[in-house]
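This report describes the fold of one chain, its contacts with a partner chain and selected local features. The sequence and structure follow.

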Amino acid sequence: MSVALVPLALLMGLVTYPSRALPLLVPGMQRLPERVQLYLRLVGPAVLGALAAVNVMVSLDADRHPSFHVGVEWLAVGLCVGVVAWRKNLFLGLLAAVVLLTIARGLPA
Amino acid sequence: MSQATSDSLLRASRRRVVVDSLGIAVSATGFGFVYGLAARAAGFSPLEAGAMSTIVFAGASQFAAVGYVLGGFSWVGVVLLTAFINARHLLYAAALAPFVADRPRPVRAVMAHILTDEAFAISIAHFRRLGRADMTGYFVAAVLSTFVPWNLATLAGVTIGGSIPDPTRFGIDVIFPAAMGGLAVGLITGRRELVAAIVGAVVGVAVSLAWDPAAGIIAGGLLGPLVGIAIPAGPSDRAPEAEIVFGRRPGDEPKPEAEPGLP
């Protein structure tokens, strides 16, 4: 059984743990400067927005050359985002996206 | 408050923690299973997928890692992205810190490892109901709601996922970007978050097309917040808390009954 990615897991854990632990363990870190707090608050939406957009809008060919991709996946992700905004329920949004994509791919071209 | 009243309040609040945790656990199981499937599809062994779930224990960054390992990106990029995605935990830890400052450091060190969106959402409400920390309640919330179901479901997904024919036929491949979009919506609590998310997405795609998707994600994550900070706060901007929980609506969350008392 491969263990080649276990060191990557350790590295990922190594960079994740400080963000969870520093304010809890380091004296004086309980209150970050307001600008730092605001920046950190915005990192989550920015990174997740980028991840979602890049994954449905950018595709790579065999030589890793990026190109703009348009497909039904846009609708599926948009549906998930809409459901989450409406119902505040991620699982329901994912279910809706998967069902939409399954139906769309099952239709004759 | 008498001792009897205090004990009664503690028991009632802990019951609420257990019920809330069980509700979240159902969905964490489903999401963890999908992560296991995705990890298997990307070539992860059960040991590698399990190591991610126990050591990193952060769903969004784990999904990102699967995508980038599959895409052949460098470990440096994956690690940087992990740090960006999980930086929001600083806020959760900072919010909990005043409650637990008097607890032993080793306990706080363990507490930190299992701090997730879900653990924060349940425990901050529990602490505010009590007006103080309750470590038993915290560990029940974190372990019962997420840690155990997430890890067990990961192993289930990565070991039996091969019995599912052609996952893309069932739309499984859209789960990662859809989950990222959904989680982003959950973090948007005002105009600045919305702008940061949109700018992050636009910059991410633009840099990805011009250079590389890994660089695009990092550029979006760096520049989105800078633009968000630059604009004035909207009237609905408020302090961040976990908005989206798997399978439950935040309106069902217990409402804070008292402001936290500093120890």
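In what order do the elements of chain A run from the N terminus on? The order is α-α-β-β-α-α, and it is read here from a predicted model.

## Architecture of chain A

The secondary structure of chain A consists of four helices and two strands. Of the 109 residues in chain A, 44% are buried. Among contacts in chain A with a separation of 6 or more, 19% are between residues 24 or more positions apart.

Helix 4 of chain A covers residues 90-106.

The buried residues of helix 4 of chain A are L90(A), F91(A), G93(A), L94(A), A97(A), V98(A), L100(A) and L101(A). One of them, A97(A), has contacts in both chains: A76(A), V77(A), L79(A) and C80(A) on one side of the list, and G171(B), V174(B) and A178(B) on the other, leaving aside residues up to four places away in sequence.

## The nonpolar core

The largest nonpolar core comprises 119 residues, and C80(A) and A97(A) have the most contacts inside it. Helix 2 of chain A (residues 34-57) provides the largest share of this core, with twelve residues. C80(A) and A97(A) also touch each other.

## The interface between chains A and B

In the contact between the two chains, 67 residues of chain A meet 93 residues of chain B. On the side of chain A that touches chain B, at least two residues each are supplied by helix 1 (6-25), helix 2, strand 1 (58-60), strand 2 (66-68), helix 3 (72-87) and helix 4. Helix 2 of chain A gives the largest share of that side, 21 residues. By class, the side of chain A that touches chain B contains 49 nonpolar, twelve polar and six charged residues.

## A backbone feature in chain B

F57(B) is located in the loop between helix 2 (46-56) and helix 3 (59-70) of chain B. Its phi is near 50 degrees, a positive value in a residue other than glycine.

Is F57(B) buried or exposed? F57(B) is buried, because 25 other C-beta atoms lie within 10 Å, and the cut-off for a buried residue is 20 or more.

Note on methods. Residues are numbered from 1 along each chain as its sequence is written. Chains are lettered from A and ligands numbered from 1 in the order in which they are written. This is a predicted model: local features need pLDDT of at least 70, side-chain atom pairs count only at pLDDT 80 or more; totals for chains, interfaces and linings use all residues. The expected span of a helix is 1.5 Å times one less than its number of residues. A residue is buried if 20 or more other C-beta atoms lie within 10 Å of its own, exposed if 12 or fewer, and partly exposed in between; C-beta atoms are placed from the backbone. A nonpolar core is a set of buried Ala, Val, Leu, Ile, Met, Phe, Trp, Tyr and Cys residues joined through C-beta atoms within 7 Å. Two residues are in contact if their C-beta atoms, placed from the backbone, lie within 7 Å. Ala, Val, Leu, Ile, Met, Phe, Trp, Tyr, Cys and Pro count as nonpolar, Asp, Glu, Lys and Arg as charged, and the others, Gly among them, as polar.
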